[in-house]
Every structure is written in structure tokens, then in C-alpha cells.
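Reader: Please take me closely through one part of this model, beginning with a single loop residue and then its surroundings in the fold.

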Amino acid sequence: MSPVGVVAVSHSPALAEAAIALALEMTSDGGPAIAAAAGTADGGTGTDAARIAAAIAEVDSGDGVVVIMDLGSAIMSAELALEFVDSGLVERVRLVAAPFVEGLLAAVVRAAGGAALDEVAEEASGALRPKLEHLGGQSGGRSDEPGAENGAADAQANEPDVPDAEAQATVRNVAGLHARPASVIAGIVPGFDAEVTLAVGDRPPVSAASPIGIATLAAGPGTLVRIAARGLQAGAAVEEVRRLIEEGFGEELADLTAAGAPSASEATATAALAPAERRGTGPLGVSAGRVIGPVVVLRRSVSEPDAAERLPEDELEAALAEAAEARERVAVDYEARAASVSGERRTVLEATAAMARDDAWAAGMEPRIRRSRLTPARATWETADDLAGQYRRAGGVFAERVTDLLDVRNRVLAAITGEQPPGVPERREPYILVADDLAPADTVTLDPAICLAIVTEQGGPTSHTAIIARELGLPAVVGRANATSLVDGTLVLVDGETGEVLIDPDATAQATATGVLTTPPFVGPGATSDGHRVVLGSNVGAPRDVARAVERGAEGVGLFRTEFCFLDRDIEPSIPEQVAEYRQVFAAFPDQRVVVRTLDAGSDKPLPFLTADDEPNPALGVRGVRTARRNPDVLERQLAAIAEAAQHETAEIWVMAPMIATLAETQEFAARARGAGIGTVGVMIETPAAALTASELMGVVDFVSIGTNDLAQYTLAADRVLGDLADLADPWQPALLRLIGLVGEAGSATATPVGVCGEAAAEPALGAVLVGLGVTSLSMAARAITPVGRRLAELSIDTCRSAAAAATAASDAHGAREAALAILG
Amino acid sequence: MSTTLTLDGFVRWLESFRARIDEQTAYLTELDSAIGDADHGSNMARGMAAVMTKVGESPAATADELFKTVGMTLVTSVGGASGPLYGTFFLRVGMAAGPVSECDAAALAAALRAGLEGVVARGKAEAGDKTMFDALSPALDAMDAAVAAGASLEEATAAARDAAATGRDATEPLVARKGRASYLGERSAGHLDPGATSTALLFEALAEVTAA
């Protein structure tokens, strides 16, 4: 392999030559092929795309070229140059956003050392870091710098302080930290007495309370996110955020093992992230059904506020307050609309309310009003433009939220000016709604009995239009160019499956309309297609999770984590306090099963009154039920509280202990629990020791529940929060599946219920494999219940068993998944 | 009054644009000295001089050939940001026009819009960023609207010229958000954008040749 070539693009030939000479001083043997493309043909100052293209071709030896530019037109000329070089060569050219001198030096040194193209490019793009670190705090930054708008400045200001709690989490859901997960995180953070930040790579941390800030992290599946917090409840806040991210928000999980190798789930990931790229490639059906009706075009008439008007000095503060108050009114209005609907529409509206309250607004408004003295309306308009630009640049699912943002803007403008906000027209006759894109607030007033279908110009398969259309059972086509140029009343035929939109269909075409094909939400009880029963429960981490679990049709709770009531407390909560908390959860599931896990402290969840903080290896230390060795009283009191709470409610309470390794521990726990008055007692299977001795343990307890996250981590000896080891701590690892199979067999032989309550249960295909291995109940984040339930209902128990056999026989996690999918279809 | 612009007409358009640039070189540079690096006038004058030499040396047989020559010549001779921007504009206009020897109003509007899209892709400018986009985009919106309403070539280009001038004037109070002028922040307000000003000249030239 020959060294990567380097091209220095500058306005000034003298600058380029001097910078190259400086860089070459760092190499001993002449360095890589390097060329300057600087100045215009006649020797003047400037850049020339044709010369850049020639320089790229000159230094390429087949292993690629890194291009470092100075400023302004150099960047545009370099981009244009890529249109002039051969298409084969374009793929191995990297235009690097590096400071000119530092970047050139870094690129030359790395290229001379024989590094590959992307390593050279990465080194160059990070070349400013040493200077930033050196000058760090002194360089400050203007408050209106782009980064400040997403809360980065605040976070940076806090950076020198050591956080009170830190953790890392790997993004696992296919769509990444897009707007909805971002608003879920931003929604829970204010509930803690802590300042929480998130960070990815070397970029400055952003506030976890800012959905827009989180969105700018552009964290896709597999991204390692650092969570840090300061404050009294730092630990609990970090743990909650970590759990949310690691559980994938109940959305479809990505296959993180198959980096580079195409797989079914990657294909889905591409589909989910594709909308920004596929813009303009034609209409796409996103919600099935073929209907005919007259068009009603949704028109948005918001006029741009005057840019020339300036406020008098003494009105600036009042203007800022007025704008903030307008945003708050809009947020309250979104929440009221959210409360009037359910399901996805509610979630989406709640997310939009959070968007209206985002701190990024204030950050963008203040300099515009205080310094530029713009009117509140104009400042709102420009701030929205900036935020929309940030979303568009983030691309993919973020870009699809621009419509929501502009809806917030329009409503804030209406609130400021006192005008009527734009919206869906009221109609009595059936119609097909046509719009550039729909905002969540539009869809609330949409009556699915009158609206027949939706056609939009913008949007992709995961846009709100698509999500909401599917929920309402309305056929929908997104990405149909020029749709809004249709005249109201025009008859169109819409096919939400093929993406077809036929204008003025003739009689033959009209006859093909088949009406609406609805896909009802999954309703339990969970079972395979041939009636093999599988209980689908929800994981619950705090009373606030309960409403969602009920709404999603959970058959009770498969894992009730009780830590929420203990974490960040200096002393143990009293029995009456515990009883009150537990009852809140039990009361939501009358006559249904709630599986309670006793306190799982230790390791990553330390408690001052219970666990040691000086263990060399906390994951292998005194955690879970082991804390009762020294402090049995805490467990005794918790069991008493659970038993008392159970007496007041009709829910069927099962209780299990975490971190069981031996039969003796199981016997001891079972005795304590039964002694406290618990009727149904079980243990978690999280250690290989417990899995291997499952049949003996089942002789002592009434049920077991497999915690796949810990079982994977202990079986593969890989910390599951380490991104580098994500392939090992993968629930598809055949060794893990074989251990689960042992537990399943023991369960079948002894007629003992075997549950799974880790992330594994939330992945539909893996859920089917677990059922095939003998698991009788799955517990997951509430959102996963419908996809998992639907998938199971399509499969026979024999198919699940065949898939399980194929997966356990595979040689690695990737192969296991492929083998199972080949059978599951 | 002709309904199409022929190859000859395109060359006269370029000649007229060049004449206007030459006439206003000092003015454009003065505008640029207020908010940029004082080279827009001289850069454009050098570029258009090179264009007319090239076009004179090897006359093109089709529109795509002509505009490719114009675009590549601007790219290699202008030097500043206007090089890749105007260069991309003409390259895309040529690609969209195709191997034809004349364009009617609709075809011309479509080709110019392809040019605008090229400028947006290259410069990433949006409305109100105080760039050539602020003259170019309204000009083409006006031209499209006129064509859709059945206007003649002359009327459509006149509408584009007027909209470009209005767009140019509207850049005065704006704060620059792209290019070197953006480093000036608030101080860039109160000056016309040089790029928008030269773009308005381009449409003055176009309206002139279609009216002739």
C-alpha cells in the first residue's frame, strides 16, 4: 500500500507552500505525495476547482486523497472539484473540516506513517483539539455562537466540575436518539434534582433537558453516549437515563453485532434513516389502503414578520417576556390537545410541547431581541429558521421533525399577534387531505371518519404523518411532489401501499379501490398462531411507567424494579413509605400479575446504607440478594412492605430475588419471602451458575425469570456498557441461548414458569426464539408489546422451536440471528 | 419580438452581462469592501472577460456546450467564492438546457432554476442569508409565475429582472450569514450584498436581450 495523498487548497500560493514545508519538516523520508492547489491561473489570490481536481488526480496512488482547505471559496471550490474528478476516484477523496495548518500537518504525518485514508482524515479533523484543550477555558465564546443554542455553552461552563454521577450507554434502537426518545429523556430529567448532560465523542456535552440539544448529538444505533450529572439525585437521574437509552425506548432494536455486514435489521435501519436521502425519489406509501375521494389542500398562511422593525431600548425585556409567555401558552395548548387523545398522537403532541419549551428558543431569542432589537415575532421567526437548519443538517429522522418545529413557530406567532393559528379545515363530507407535511397538532383535529386518506409532499416512512396515519388506519402517501398544487375538489385515487396517487381516475381505475385496510393494535392475551400461551408483560421502573404499560395492553408487569424508591436516599425508606409506592403500581393492574424484584443494589446502583463503595470489582461484588448477607433487615422490611401492599390490592403479586448463584441462597430467600407472607416466590436467573442448576432451584421456588442483560454479561465476561464489547454482550450469543435453553427445559420438565425480563424480550425475532427455548412469559418496555405480540401471533410454536434450534447451533451471534430469521421469515 | 432565445441570443446575454459588470466593477468592489474582501467587482470582470474570450475563440453549437464553457471558465478564472457559485450556476443551466440551439420561456426558466439549485447545493445559502440567492431565487419565482400565467419571453424575463432588483434591495438591512461577510455579524447590515447585486445585473442583461 502506498501512502494516502494530500492536497492543500489555499487562496494564497505562498501560504500553501509554507504550510506544506512546515508539515514536511515532521517527516524524515520525503513524506507522502502532496500537492498545492492555490491561487488562480493568473497568479492571483483565489481558488480554482479545476486546479484542485487536477491536484487530487496527481497525488492519488490508489489509496485515496485527503484535501485540507483554508477558508471561504476554498471549501466550495473543493466540493465543486469532486464533480470534475473520475467517479471511481471521488469515493476515495476526503474533504476534511480541519484547521489549515494543523490539519495539514496531522494529515502529512499520518499519511507518511502509512495510515489508511479514513485514519488520516480523522486525525486531521481532530487536529484542533490540542489547541482547544490548551487554551480551553480562556477562549470563552460568544453567547450567540451556534453551539450555545443547544445548551452546549451551559454544559461547557460546568465541565471543569467533576460530575456526581456518570455512566455510559449504547444507543440500541434502530432510529437512534431522534426526537421522540429525545423528548422522553428530556421529559424525565426535570423530575430529578440534578443537572444532567449527554455527550458523544469529543463534542461538548448538551443538556439532557433539551430535546433539540439531544437531537444535535445525532446519535444513531451503536453510538456510545456519556451521561453525567451533578446534584442531589445525580445517581438516580443517570441510572434512569442509562436505562432508557439501553432499553431502546421500546422501539425496534438495531443489530449492533453486524457492523459492516448487511443484515435484516440494518436494512431496516437504512429504511428508517433514509428519508433525508430519499427526498425527491418519488412517492412512498406508508399506510396501506386504496381509496378515492375529493382533495382538500391544507394551506398554511403565516406571513413572515417584518425584518426591518426595531424595538426601542426600554421595551426589550418586556418583548423577551412576551415571547417566552407565548411559547408557554403554546406548550400548554399542545398538552391540552395531548390530553384529549391517546396513543401515538398523544406521545407526539407531548414531544411537540417539549419542543415549544426547549431552552434552545431562549438562547436564540435573547441576542436577537437584546442586541438586534428585533420584534418578538421576527426573533421567533429567525430562531425557528436556525433550529430548523440544525434539524435539517442532522438529517434523517431529525429532518422529519422540521414540520413540527415550524408548527410550533406558527402557533407562537399566532399567540404573539393574536391571530388564528393555521390548521386542518373543518369538513362534513369525506375528503382526502393534501399538505406539504402534517404537524402533530394538525392531526388531532383530523376525524378519521371523514378524512379518507393523507397525501403529503414531504416526510418519510418515520415521519409523524406516517406514524399517525397508521395509528388512525388511514391510507397515506408521503413524498408526492407538487401535491399541494392540486385544486380542492379534484378526485384522486390514493394507494397507501404502492404510493400511487392517481388524479381524476377513470371508471376502470375507480373500480380498483378496495377501501381502508386497518391494522388494529395488538390486543392480548399473547400466544403463538397455534395457541401456545406466552404472557406479555411490561417492565416498570417507577409508578410513572404504569400508565403507558396499561395503554399498551401489557398483561401485567413482568419486572417491577423497586430501586426507584431507594436510590439517592441516605437512609432506607420506611415500611409505610414503601407500601404507598408499591401500591401505586399494584393498583394499576387489578387481577393481573405483577412480578416484583427485590432491591437490586450494588454494582452500578450503589446505596449508601447498604452497599460498599470500595469493591475492586463491583459487578462481581456484594450486589442484589447478596446485600442481605450483611444487612438482612433491609430485605426483611422490603418483603414485609410488599406483602402488606399486596393485601390492599387485587393484583397477583409474585416476588423474586436478583443475583442468585446457588441453591442455598435460593432456599434462604424463599424461606424469608414465604415467612413474610408472600405466596408466589421466585428467583432471577442472571448468573451461569443459576442457569446450570435451574432444575434444582425450581424445586425450591415457584417460578424463575431470566435477566438476559446480566446473564449475557456474566456468561461472555463482557461489560455490557462497553461499546467495544457490544458484540460479546449480545443476547444472540449462542452460548447465552444455550443457557436459556437449559432453563427452559428445566421449566418444562418441572412445569415451572420461566420468564425473560431483559432487553432480549423486546426484539420480536429474539422473543420468538426465547419462546422456542421454553420461555413462558416475556417482559419488556411497553412500546415493544405490540410488535412482539404481533410477531408471535404469526408464528407457530414449532416454528419458534425450529428457529431456537437453528440459533443455538450457530457459531456466533450474527449467525444465530441470521439462522433464526431464515426460519421465522 | 421573439418567443425563443437562440444561441446567438445567449451570447448577447453574456456580452451584455459582461458590459454591465465592466461598467460597475468599481461599484461592486466598493460594495464588497464594505462587507467582504473588496474583490467581487474585479473577480467578476476578470471572469467574464475570460468567458467572452473563450466563447469567441471556439463558438459553441449548442446551449449545453456554451454554458459548460462559461461555467468552467468562471471556475478557473474568478478566484473568489463567485467562481464556484457562478460556475456551478452556468454548468447546471447548460446541463438542464441540453443540446439545443434555442429555448422558449418555460425551458429557459427551468434551466435557470437548475442553476439556482446548483448554487444552493454549492453555497448552502437560504433566503435571508444575504447572498446572491436573495436575488436569484425571487427572480426565478417571478419568472415561473409569469410563464405559468402565459407571459411572453420578454414579459417573463422583465418580471425576473424586477424581482431580482427587489431581492437585491432587500439584502440591505440583512445580517450576513454566509461567506466572509458573516464574520462581520451585525455590521454587515446596512449594505447591499455584492453577489445579489451582480445577480440583478445578470437579469437586467437577460431582459435587455429578450426585449431587443
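Author: The residue to begin with is A:D86, placed in the loop that links α3 (73-81) to α4 (87-90) of chain A. Helices here are DSSP runs of H or I with at least four residues, strands are runs of E with at least two, and both are numbered from the N terminus. The model is a predicted one, in which local features need pLDDT of at least 70 and side-chain atom pairs count only at pLDDT 80 or more, while totals for chains, interfaces and linings use all residues. Residues are numbered from 1 along each chain as its sequence is written, and chains are lettered from A, with ligands numbered from 1, in the order in which they are written.

A:D86 counts as exposed because it has 11 C-beta neighbours inside 10 Å. The scale calls a residue buried at 20 or more other C-beta atoms within 10 Å of its own, exposed at 12 or fewer, and partly exposed in between, with C-beta atoms placed from the backbone. From C-alpha to C-alpha, A:D86 is 9.4 Å from A:A53, although 33 residues separate the two in sequence.

An open sheet of chain A comes next. Its four strands are ordered β2-β1-β3-β4 and pair in parallel; pairing requires that DSSP find at least two bridges between two strands. The edges are held by β2 (34-38) and β4 (93-96) of chain A, each with a single partner strand, so one side of each has no neighbour in the sheet. On average, neighbouring strands of this sheet are turned by 20° against each other, direction ignored. Strand β3 (residues 65-69) of chain A joins β4(A) in the parallel sense through four bridges, and A:V65 is found opposite A:V93 in β4(A).

Helix α6 (residues 117-125) of chain A lies across β3 and β4 of chain A, at about 5° to β4(A). Such axes are lines fitted to C-alpha atoms, for helices over the stretch in contact, and angles run from 0 to 180 degrees between N-to-C directions. Contact itself means that the C-beta atoms of two residues, placed from the backbone, lie within 7 Å.

The axes of α1 (residues 13-24) and α5 (residues 100-112) of chain A come within 9 Å and cross at roughly 40°. The two helices, α1(A) and α5(A), are therefore oblique to each other, given that angles under 35 degrees count as roughly parallel, over 145 as roughly antiparallel, 65 to 115 as roughly perpendicular and the rest as oblique. Residues of α1(A) in this contact include A:A19, A:I20 and A:L22, and among those they meet in α5(A) are A:F100, A:V101 and A:L104. The residues of the contact divide into 10 nonpolar, no polar and no charged; Ala, Val, Leu, Ile, Met, Phe, Trp, Tyr, Cys and Pro count as nonpolar, Asp, Glu, Lys and Arg as charged, and the others, Gly among them, as polar.

Of the contacts in chain A between residues at least 6 apart in sequence, 72% join residues at least 24 apart.
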